[in-house]
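Colleague: I am new to this model. Please walk me through how to read it.

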Amino acid sequence: MEKNVVVTDEFGNKLDYTYPKRARGLIKSGRARLVSENEIRLVRPTSLCPSNSDLEDFLMQNINNGENVQDIVNFVNQVDKELIFENVNEEVQKPKAIYFNAREWRFNPICNSNVGERAMITDMNGEINEAWCIGDWKRNWTEIQTESLTLEKNTDYVFTFWLNGGENDRHQETCQLQIIFDEDDDNRYNSKLNRSFIKPVKQYKGWVLFEIPFKTQSNGTTRLKFAVMDAHMAILPAKDKETYKLLPNEKIDPRIPQRHNIVFEDGFPRDSDWSYLVFGSGFTTKAKMMFDSWNNNGNDTCADDCDNEGFDFQKFKEKASDYATKSGETIGKFASETAEKATAFAKKAADYTGAKAKEIKHSAINSEFVRKHILNEIDFDEIKDLVEESVEDVVENIENEVNEETLEQLQEQIMSHLREEMLKEMDNMFK
C-alpha cells in the first residue's frame with residue numbers, strides 16, 4: 001500500500017502524504033475533509049481551536065508577561081498542527097504473512113478419493129522445489145490441508161503461494177482454497193482460484209501468484225485447505241509479491257479454455273479445436289468446420305466466423321482451397337493404396353487356402369468353416385501395421401491438418417471395410 005493521498009493544512013499548504021486507509025479514518029473522525037480524489041485538508045477541531053475572544057485573551061495575557069506576539073502565534077499553530085496531524089504518517093500495520101510450505105500440508109484423511117503426491121518439481125525459474133501435485137481429469141475430489149493452526153485473534157493475515165493448473169477445457173472443474181475456523185466446515189470461507197474469480201498478483205511462465213487475505217475472528221483455531229476436482233493442480237512456495245516485482249506479468253488469451261498446466265509437455269493439450277491459439281499451427285478442426293460452412297453458406301457467413309475465431313478470411317480461403325486439394329489427393333491416394341493392399345491380402349488368403357477349400361463340399365456349414373479357417377490364417381496384425389504405416393504417412397503428408405481422432409476413425413473404418421471385402425471374396429469362392 002502506498003502513501004498516495006496528499007495532506008494539506010487548513011489553509012491548503014501541503015504537509016505530507018498518507019495512506020488511503022488513514023485518510024478515510026481522518027475524514028470519518030471529522031479531523032479532515034475530502035478536497036479531491038487524492039487530497040484531504042485538515043480541519044481544526046473546536047476542542048483545540050479556541051474562539052477569537054479566548055485567543056485574544058490568551059495573547060494579551062502573554063504579551064503583558066513580555067512574550068513576543070509572533071512567537072506566541074507560531075507556538076499555538078505548531079501545537080495545533082501536531083495535535084491534529086498526529087499519527088498521519090503512522091505506518092498502517094501490514095497483515096501477518098503465511099507462506100505455503102509443502103512439508104506442512106497433508107491429505108485430508110477423511111477424504112477417500114484423494115489423488116496426488118508431494119514431490120520435487122522444476123519451478124518457473126528452472127530450480128528444483130518441493131510442491132504438492134494433486135487432482136486428475138476425473139471426478140476424484142482431492143483435499144490437502146494444514147494442521148489446526150493457532151493464530152492471533154481478530155488479526156489480518158495473508159496466505160501466499162504459486163499455483164499451476166486447476167482448470168480443464170470443459171469449464172466444470174473445482175479449484176478452491178478453504179479457510180476454516182474452529183473446525184466449523186459448514187461456515188468455511190471458500191476462495192475460487194479458477195476462471196479469474198480472484199485476480200492473481202502475477203502470472204509468470206504458466207504459474208499464478210496468489211495472495212489471499214483473511215481475518216481471524218475470536219476463534220481458537222484456523223485450518224487452511226486446498227480442494228480440487230476434474231483438474232490437475234500444483235502448488236509451490238512463494239515469497240512476498242515485492243520479491244517478484246521485476247518479473248513480467250504475462251497475459252492469458254481469454255479464448256483459451258483452460259490455463260497452463262505442467263502435466264502437458266507444452267503446457268496445453270493439443271486439442272485441435274483451439275490449440276492453434278497457443279501453438280499457432282494449423283488448419284484445425286474448427287477451421288475445417290468453417291471450410292464446410294464456406295461451401296454451404298457462402299463468403300459472408302464464413303467471413304463472420306473467421307472474425308469470431310481470429311482467422312484472416314483471405315488467408316483462410318487460400319488455406320481452405322489448398323487443404324481441399326491436398327487432403328483430397330492424400331486421402332484418395334491412401335484409400336487407393338489401402339484397397340490394393342487389401343486385395344493383395346485377400347488373394348494371398350485365397351491362394352493359401354485354395355487347395356483345402358476345393359476338397360470341402362460347398363455347403364453352408366462347410367462354407368462357414370472355411371471362412372473361419374481363412375480368417376484364422378490371415379495375419380490381421382500385419383494388415384494393421386500396414387494401415388498404421390499409411391496413417392503415419394497421411395499425418396506427415398498433410399502436416400497435422402487432419403487431427404488424430406479423425407485418422408483413428410478412418411483406420412477403424414478401413415479395417416472394418418477390409419474384413420467385409422475379404423468375407424465377400426471368400427463368399428465368391430464358394431459360389
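Colleague: What kind of model is it, and how many helices and strands does the protein have?

Modeller: It is a predicted model. The protein has 10 helices and 16 strands.

Colleague: What share of the residues counts as buried?

Modeller: Of the 431 residues, 38% count as buried. The exposed surface comes to about 26000 Å², and carbon and sulfur atoms supply 47% of that.

Colleague: What do the contacts say about residues 24 or more positions apart?

Modeller: Take the contacts with a separation of 6 or more. Residues 24 or more positions apart account for 69% of them.

Colleague: Now a sheet. What holds the strands of a sheet together?

Modeller: The general idea comes first. Strands pair through backbone hydrogen bonds, in a parallel or an antiparallel sense.

Colleague: In which sense do β1 and β4 pair, parallel or antiparallel?

Modeller: Parallel. Strand β1 (residues 5-8) meets strand β4 (residues 39-42) over three bridges. To find the place, look for V7, which stands opposite I40 in β4.

Colleague: On to the rings. What describes a pair of aromatic rings?

Modeller: Two values do: the distance of the centres and the angle of the planes. The count here comes to 13 aromatic pairs. One of them joins Y157 and F214, with 5.7 Å centre to centre and 15 degrees between the planes. That pair is stacked.

Colleague: Where do Y157 and F214 lie?

Modeller: Y157 lies in strand β10 (residues 156-165), and F214 lies in strand β14 (residues 207-215). The pair therefore ties together parts that are 57 residues apart in sequence. Y157 is buried at 6% relative accessibility, and F214 is buried at 10%.

Colleague: How do the rings of W162 and Y244 pair?

Modeller: Their centres are 5.1 Å apart and their planes stand at 75 degrees, so the pair is edge-to-face. W162 lies in strand β10, and Y244 in the loop between β16 (233-236) and α4 (276-279). This pair ties together parts 82 residues apart in sequence. W162 is buried, with a relative accessible area of 1%. Y244 is buried too, with 10%.

Colleague: Which residues form an aromatic cluster?

Modeller: F100, W105, F159, F161, F210 and F226 form one cluster. A charge can also sit over a ring: K192 lies over the face of F197, at 4.6 Å from the ring centre.

Colleague: Last, one residue. Is L224 buried or exposed?

Modeller: Buried. Its relative accessible area is 1%, and the cut-off is under 20%, so L224 counts as buried. L224 sits in strand β15 (residues 222-229).

Colleague: What is L224 in contact with, leaving aside neighbours within four places in sequence?

Modeller: The contacts include I98, W105, I144, F159, I179 and F214. Take F159: it is 65 residues from L224 along the chain, yet their C-alpha atoms are separated by 9.2 Å.

Key:
Residues numbered from 1 in each chain as written. Predicted model: local features only at pLDDT ≥ 70, side-chain atom pairs only at ≥ 80, totals over all residues. Heavy atoms only, no water. Helix = DSSP H or I, 4+ residues; strand = E, 2+ residues; numbered from the N terminus. Buried < 20%, exposed > 50% of the residue type's maximum accessible area, 1.4 Å probe, protein only. Contact = heavy atoms within 4.5 Å. Pairing = 2+ DSSP bridges. Phe/Tyr/Trp six-rings, centres within 6.5 Å; stacked < 30°, edge-to-face > 60°. Lys NZ or Arg CZ within 6 Å of the ring centre and 35° of its normal. Areas by Shrake-Rupley, 256 points an atom, 1.4 Å probe, with all protein chains shown as cover.
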